[in-house]
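Keep the coordinates open as you read.

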Amino acid sequence: MTSSIRMAFSRREVALSHLSVVKSTLLSIYSAHACWNWATPKKEGRDPAFDWLQHTDKILKTSVQLCNELMRLLTLPTSTRARHRVTCYGRKEAKDIEYVMTKLHLTILDRMGNITDLCEDLKYQGLPPNEATRIRQWERMLIEKIEMLLVAKKYRTPQALRSFARLFSIFLPPLYAPFYSQMATEMNSLAMGITFSVITCIALTALFESIVQIEDPFTGKVALDGIDVSKELGDDFREQLLSYRLHHFANAQPFQMKLNQN
């Protein structure tokens, strides 16, 4: 049971690390498109005739859409519990969840393709190959961290450990019944023996429920220890992107976009 809790919290910390890399990489990619200049004494830099605001707004829009779809994917219900493998209703539920997950995953990859295409536009404007390679490395890192988040979402603590923890919390307390009887006899207090037995049952049940609650690290809306993905990838991150836009294009019109806009 202790091992299950340790593994679940470890998965949560790793997921937080991956989320921070996803956000910081998207911010770095936006900054690269917004302000990198490759002017040298022998080579011109950014073409002032090119609409850089429109170009970077495409990056901002794609980044917001990507985060919105990643947020929806990570907050899907779990589909890897035992009932999703051994019951007809559970298998149907898992199939429906996996279908939505696959569609969102493909949409995220399509957004990554859009970011790659926009980097090609930057190269067409004269971005040197070494700088383009750096952006490509960021794109690879972004895809890698997203895939790691999906792995953390799909794969949980081994079922054998979870089943053992459930049986342990149910069948262990009755084995201690003689001990509680002896305690009540020696202390001449039936209430004391009953109290200790109830406390033991509650403690084991609480431990098992804590395992269940943190099996999915992306449950910040329903679990105190879960990651609030809606906050991390939603409005807060959008405000960070908009603050970058305001820094690089102080005189630009306010950015407006519907999250369901394709």
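A residue counts as buried when its relative accessible area is under 20%, and as exposed when that area is over 50%; values in between are called partly exposed. The model is a predicted one. With that cut-off, W38 is buried, because its relative accessible area is 6%. W52 is buried too, at 10% relative accessibility.

Now look at the rings. A pair of aromatic rings is described by the distance of the centres and the angle of the planes. Searching the whole structure turns up four aromatic pairs. In one of them, the ring centres of W38 and W52 are 6.2 Å apart. Their planes meet at 70°, and over 60 degrees counts as edge-to-face, so this pair is edge-to-face.

Where do W38 and W52 lie? W38 is in the loop between helix 1 (2–35) and helix 2 (52–74), while W52 belongs to helix 2. The pair therefore ties together parts that are 14 residues apart in sequence. F50 joins in as well: ring pairs link W38, F50 and W52 into a cluster. The charged end of R46 sits over the ring of W52, at 4.2 Å from the ring centre.

Another aromatic pair is formed by F179 and Y180. Their ring centres are 5.7 Å apart and their planes stand at 65°, so this pair is edge-to-face. What about burial? F179 is partly exposed, at 44% relative accessibility. Y180 is buried, at 10%.

Return to helix 2. At its start, a side-chain oxygen of D51 comes to within 3.4 Å of the backbone nitrogen of L53.

Last come the cysteines. A disulfide is a covalent bond between the sulfur atoms of two cysteines. How many disulfides does the structure hold? The count is zero. C67 shows why in its own case: the closest cysteine sulfur, in C119, is 18 Å from the sulfur of C67, too far for a bond. The cut-off for a disulfide is 2.5 Å. C67 is buried, at 0% relative accessibility. C201, by contrast, is partly exposed, with a relative accessible area of 32%.

Definitions and conventions: Residues are numbered from 1 along each chain as its sequence is written. This is a predicted model: local features need pLDDT of at least 70, side-chain atom pairs count only at pLDDT 80 or more; totals for chains, interfaces and linings use all residues. Side-chain values use heavy atoms; hydrogens and water are left out. Rings of Phe, Tyr and Trp (its six-membered ring) pair if their centres lie within 6.5 Å; planes under 30 degrees apart count as stacked, over 60 as edge-to-face and the rest as tilted. Helices (H or I, at least four residues) and strands (E, at least two) are DSSP runs, numbered from the N terminus. Buried means under 20% relative accessible area, exposed over 50%, partly exposed in between (1.4 Å probe, protein chains only). A charge sits over a ring if NZ of Lys or CZ of Arg is within 6 Å of the ring centre and within 35 degrees of the ring normal. A polar contact is a pair of N or O atoms within 3.5 Å; within protein, one must be able to donate a hydrogen and the other to accept it, and residues adjacent in sequence count only if both atoms are side-chain atoms.
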